[in-house]
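Please read this note with the structure open beside you. It takes up a few side chains, point by point.

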Amino acid sequence: YVKNAYDPQYTVDGKYDEKAAAKAETLDIALCMVLKQQGLAFKIEKTKNLKETIDECQQIFGKIFTPSDVSVIVGMADRLGFTGEYITMLAAYCSGIGKKSLRYVEKTAFSLFDEGIDSVETLSEYIKKKESMHEALPKIKKMVGAGERSLTDKESKLVEKWLCEYSYDIEMVKIAYEKSVSHVENGKFIPYMGG
């Protein structure tokens with residue numbers, strides 16, 4: 001780095017000025033924030049229904065978003081190509097299961113995108129399956145005598161596979177349980193039922 005008499009970090013005689021350097025860094029950060037906000041404003045203005053999507057998401061989460069929050073929504077629309085309806089539906093689902101963080105919504109959005117769940121229709125189907133699983137899980141736990149204990153990871157994956165991937169209803173799970181009762185002695189019904 002060549003010292004420059006016009007560089008605010010150095011005095012005219014070429015000595016490093018710590019206060020001037022801190023002030024210059026603060027100004028650089030402020031400028032970056034302004035440019036970022038201008039970029040967000042431009043994308044919001046140019047993307048169809050994005051402002052409405054942001055407003056709806058603010059209502060869902062019950063708060064006014066910071067520029068950082070807004071950038072999460074803009075990123076989902078811009079980088080992943082999600083529509084406002086998709087983003088709003090995902091935000092409502094996450095909020096409904098108690099996850100009221102936009103970072104959680106963003107993480108879920110990237111995961112769903114990787115799974116090919118990238119349209120309102122596929123998201124709607126995903127949500128229905130997840131909701132039916134959450135509804136059926138306590139019934140299955142009661143059925144197999146799990147009581148209040150959490151299912152193991154292996155058990156949870158099996159149950160999720162039955163309900164979400166295979167689309168079995170609780171009646172099908174009940175039939176599997178009834179067939180396993182006479183064959184299981186240690187109370188580990190779920191792995192046997194999976195077979």
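**Notes on a surface patch and some aromatic rings**

1. On the surface, Tyr-166, Tyr-168, Met-172 and Ile-175 make up a nonpolar patch. Together these residues have about 370 Å² of accessible area. Bear in mind that this is a predicted model.

2. How many aromatic pairs does a search of the whole structure find? The search finds five. One of the pairs, Phe-82 with Tyr-86, is stacked. The ring centres are 3.9 Å apart, and the planes are at 25 degrees to each other. Both Phe-82 and Tyr-86 are buried.

3. Phe-82 also forms an aromatic pair with Phe-113, and this pair is edge-to-face. Here the distance is 6.1 Å centre to centre, with 65 degrees between the planes. The pair links distant parts of the chain, as the two residues are 31 residues apart. Phe-82 lies in the loop between α3 (67–79) and α4 (84–96), whereas Phe-113 belongs to helix α5 (residues 102–114).

4. Taken together, Phe-82, Tyr-86 and Phe-113 form one aromatic cluster.

Definitions and conventions: Residues numbered from 1 in each chain as written. Predicted model: local features only at pLDDT ≥ 70, side-chain atom pairs only at ≥ 80, totals over all residues. Heavy atoms only, no water. Patch = residues over 30% accessible without salt bridge, like charges linked within 9 Å, V, L, I, M, F, W, Y side chains within 5 Å. Areas by Shrake-Rupley, 256 points an atom, 1.4 Å probe, with all protein chains shown as cover. Salt bridge = Lys/Arg side-chain N within 4 Å of Asp/Glu carboxyl O. Phe/Tyr/Trp six-rings, centres within 6.5 Å; stacked < 30°, edge-to-face > 60°. Buried < 20%, exposed > 50% of the residue type's maximum accessible area, 1.4 Å probe, protein only. Helix = DSSP H or I, 4+ residues; strand = E, 2+ residues; numbered from the N terminus.
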